[in-house]
Amino acid sequence: MTAVHEKHLEETYSKTVFGFWSYLMTDCILFGTLFATYLVLHNNTFGGPNAKELFSMPFALTETLILLTSSFTCTLSKLAAYRGDKNKVIAWFAVTFLLGLAFIAMEFNEFSHLVHEGNSWRRSGFLTAFFTLVATHGLHISTGLLWMIILMIPVCRHGLTPVSLKRLTCLRMFWHFLDIVWIFIFTIVYLMGAL
Amino acid sequence: MLGRLSDVYKHDFIEYAAGYSMLIGAIFLIGYLTYKKKWKWLWKEYITSLDPKKIGMMYLVVAMLSLVKGLVDALMMRAQQVLSVGESHGYLASDHFQQLFTAHGTTMIFFVGMGIIFALMNLIVPLQIGARDVAFPFLNAVSFYLYAVGAGLVVLSLVVGEFSGTGWVCYPPLSGLAYNPGVGVDYWIWSVQIAGIGSLLSGLNFFVTIVKMRCPGMTLMKMPIFIWSVLGTLVLILFAFPILTATIGMLTLDRYLDMHFFTPDFGGNPMMYINLIWAWGHPEVYILVLPAFGVFSEIVAVFSQKRLFGYVSMVWALAAITFLSFIVWLHHFFTMGASANANAFFGIMTMLIAVPTGVKLFNWLFTMHRGRVLFTTPMLWFLGFVFIFVIGGMTGVLMSAAPADYQVHNSLFLIAHFHSTIIGAVVFAFFCGLTYWFPKIFGYKLNERLGRYAFWCWMIGFLLAFMPLYFLGLMGATRRLDHYDATTGWQPLFIVAAAGVILISIGFFFQVLQVIVSYRQRKENLDTTGDPWNGRTLEWSIPSPPPEYNFAVIPHVHDIDAFWSMKHERTKHKPPSEVIWEDILMPKNTPLAALIGGFSFLMGFCLIWHIMWLAGLSLAGVIICMVIRLAEKNTEHLISAKEVQRST
């Protein structure tokens, strides 16, 4: 690799990580808009059930713990990446993937439960806002899962190249960001709803 | 299988005319390209190119075509208003009239306004900061195609189906499923959503470009003022466009999945939409106008042959406007009935914006003071801007007082106000900037005489078209009016306004003529020095048009007017022995960005017509294109130091 390529790689790394940070901030505002909407609409139950009647705290707490653990395993993959340990990186991402999948499965379960009881997003303004906020987060998590699969293929094949290290950094930032968003969902939707 | 597309749609004469003229235009263009054997050139030089200079030109083309469309919309509306008085009901059905004003607003803001600021950013930002490219060249191309897809969907609505008739911000409950079950609102939703995502990505890209890629020595307070203004715009884009994405997303869910965000029943809240859309919409106004301020700051210094007066205060004024623009959105609906205190807060914040704007205006005038002012066409556009923008600003401050606003809310007074600011600032700045940077982009100057004709047509046309609207508004004429009573006595003023729009169209015709004539006479007007105006900033230090890599040697900067000080310290040309040439990596062409655009277009179209299986497939197409791009290796090609040295 020539000097110009190395310099290019270095610059790309710094630009990409900074750019991805900026993207996360825009995503933060997107979620902020949905949170604001939820807060405006959360009392508009239109005669239907409210948050207290619908949500189960132990369930939401389990979801939270699963997601937080996945964030931890995601960080362990970073330590492995620093050591250049390809297999550990793949292993920790596999664990993260499974935890993420479990989270999505639980969320899906919760949603289908609500819909079957006749409390779908069509029921009231409150449920509309709830489904949209939580499902947008879920959609992000699903995107993250898809991204993990797409990224692990080149890592398995070619090892930890500078390009895949850069992308893994972005993916981890994405995953931690979604964790933080979930903390807010847990607090505002579930905890405050249970009060 | 074909969703709503299987329904039969009827067209009236005007839609047929629009459809056929577009068809004839397309056939003519395809024929011309085939005859001149230009397809390969178009593919290689533009469609697959990742060069921001080329992408900027494509933005220009789409924005200009959109401007023609928006101008035709305006002409048709004014013609209707001249004719439709008393007994006569004009030549347009009212639902068609509604589509016209909606299409006019949507086109002018999203596809002309945003198009021209992204065109200028692509063309000028890398050159002014001494960079060879933008941060993410591929993303830049994708953003352009998403923008073009949005513009394309609006045009398509002329022929297939109909456009929204709800006004350009699409207020619910009118835009909800109950009152607008047709495809019109969906056309609006998907064209704005897709173009909006393009704008957001572009905003990210240029934000990183300016923060990370300035040449050595260019600290923040040594950036050219145009770059500062663009940075302000980019911050606004990053903060405002996600709100638009989320808000349109919610409207989409209301319409597609029977949700109840903005429905009047089931606990929805239509006023929330109006709050959210203006929480994006007001910053959007400043997204458009800040780069305009930047352009004027550049040219007023160059053509006064003097350093910009009060650079630091200019920067702070920009920052203040950027900040304040986020806390004024409620002034768009004082009449909603928020508490008096809320109205007072937003009213005062709105008035406050006049302060930094006034600072800028005085700085420009002081820059001219005791300068050797050259009254070239760009300078004329600047002076026209000062005159019109002051009127627009004053009426804006007038309306920021909530009680006064109650009187003129939704009247033609408001229309006259925001056209004064948007045409006066954004459109004039664009023509000003285009005349100024034209030799840099294309390598030859524009014809001055025709430029002056165009300017005077626009200037007088503007005054004729919009001054009567102030009076009409005060007399009680509301906006979006397709019929009025003869006893109102408004018709003469509407006729004057229509004459003004015709004069503006003549001005635009002169500009088209100007480009054609200048192209034919390009041999006489070639810019061989790269610095035709005695410029002050880095873009004038390189040849016109610039090579692919912009700067053969990355400059080192130690002044705000970097190139000016280089010229005066005579450090512009180092002796060849001292120059260290280096290898340059530039991105290779790729068709993937255009392909993503194509899939997005198909996806948008299918979502509008509820052909969900194909929409899903197109989304998969977009994702596959992205994965292919991620897997690509060697996306750059190397230009060796020797080649660089040879070509300079």
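**Cysteines, then the interface**

Tutor: B:C170 is buried, at 0% relative accessible area (buried is under 20%, exposed over 50%, partly exposed in between, with a 1.4 Å probe and protein chains only). Keep in mind that this is a predicted model, where local features need pLDDT of at least 70 and side-chain atom pairs 80 or more, while totals for chains, interfaces and linings use all residues. Residues count from 1 along each chain as written, chains are lettered from A in the order written, and side-chain values use heavy atoms, without hydrogens or water.

Student: How many disulfides over all chains?

Tutor: Zero by the rule used, which wants two cysteine sulfur atoms within 2.5 Å. For B:C432, the nearest cysteine sulfur belongs to B:C457, 18 Å away.

Student: And is B:C432 buried or exposed?

Tutor: Buried, with a relative accessible area of 0%.

Student: Switching topic: how many residues are in contact between chain A and chain B?

Tutor: 31 residues of chain A touch 37 of chain B, contact being heavy atoms within 4.5 Å.

Student: Which salt bridge crosses over?

Tutor: The rule finds one across that interface: A:R122 with B:D258, 3.3 Å from N to O. The rule takes a side-chain nitrogen of Lys or Arg within 4 Å of a carboxyl oxygen of Asp or Glu.

Student: What area is buried there?

Tutor: About 3000 Å², with carbon and sulfur atoms giving 75%. That's accessible area (1.4 Å probe) lost on putting the two parts together, summed over both.
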